[in-house]
Amino acid sequence: MKVYKDFGIRFDTNVYTVPPRLVGKSITLKADARTLSVYYKEKLVASHLRNWEKRKRIDLPSHSEQVRKLRKKVFMGKQMMVFMSLGQEAVDYLEKLAYASQPLKKTVERLLILNDDYGTSSLIYALKKALT
């Protein structure tokens, strides 16, 4: 059985969550009258109380939290790429921030807001001034 993109597996018309890192992977499912156990490579990765209702999604809070963290990580990765695509000044500025042990993610987030408000040419001008 494969894990779907919504980090869920289908069993008895219900969807049970698994750790999101297993999306697209094949898992083994063992069920009895009370529990549903999910194994990946013979290791237990999730255990749910079996739900006898129909068409329900049974989430474990830890799985939802892992998804939130992954989405944030992907979003921040995209923000970094967008910022660096602004030009060499942006890349140089990030290097200086890292060297000075300044918070990269928060700074990039704020600079991209300024880019939206004032435009790329104004932001590049400010970055050049800051670098000198």
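Modeller: Along the sequence, the protein chain reads β-β-β-β-β-β-α-α-α-α. That comes to six strands and four helices. Both are DSSP runs, helices being H or I with at least four residues and strands E with at least two, numbered from the N terminus. The radius of gyration is 22 Å, well over the 14 Å that the globule rule gives for 132 residues, so the protein chain is more spread out than a compact globule. That radius is taken over C-alpha atoms, and the rule is 2.2 Å times the number of residues to the power 0.38.

A word on the source. This is a predicted model, in which local features need pLDDT of at least 70 and side-chain atom pairs count only at pLDDT 80 or more, while totals for chains, interfaces and linings use all residues. Residues are numbered from 1 along each chain as its sequence is written, and side-chain values use heavy atoms, with hydrogens and water left out.

Now the strands. Strands of a sheet pair through backbone hydrogen bonds, either parallel or antiparallel. Here, two strands count as paired if DSSP finds at least two bridges between them.

Three strands form it, in the order 1-2-6, with mixed pairing. Its edge strands are strand 1 (8-11) and strand 6 (57-58), each pairing on one side only. Strand 2 (residues 14-17) runs parallel to strand 6, and two bridges join them. Tyrosine 16 stands opposite isoleucine 58 in strand 6.

Next, the hairpin. Strand 4 (residues 35-40) and strand 5 (residues 43-49) run antiparallel, joined by six bridges. Serine 37 stands opposite serine 47 in strand 5. Two residues lie between the strands of this hairpin, and lysine 41 takes a positive phi near 50°.

Then look to helix 1 (residues 61-84), which holds leucine 70. Leucine 70 counts as partly exposed, because its relative accessibility is 42%. The classes are buried under 20% relative accessible area, exposed over 50%, and partly exposed in between, with a 1.4 Å probe and protein chains only. Leucine 70 and aspartate 6 are 64 residues apart in sequence, yet 13 Å apart in space, C-alpha to C-alpha.

Finally, the surroundings. The C-alpha trace spans about 70 × 30 × 20 Å along its principal axes. Of the 132 residues, 32% count as buried. Among contacts (heavy atoms within 4.5 Å) between residues at least 6 apart in sequence, 47% join residues at least 24 apart.
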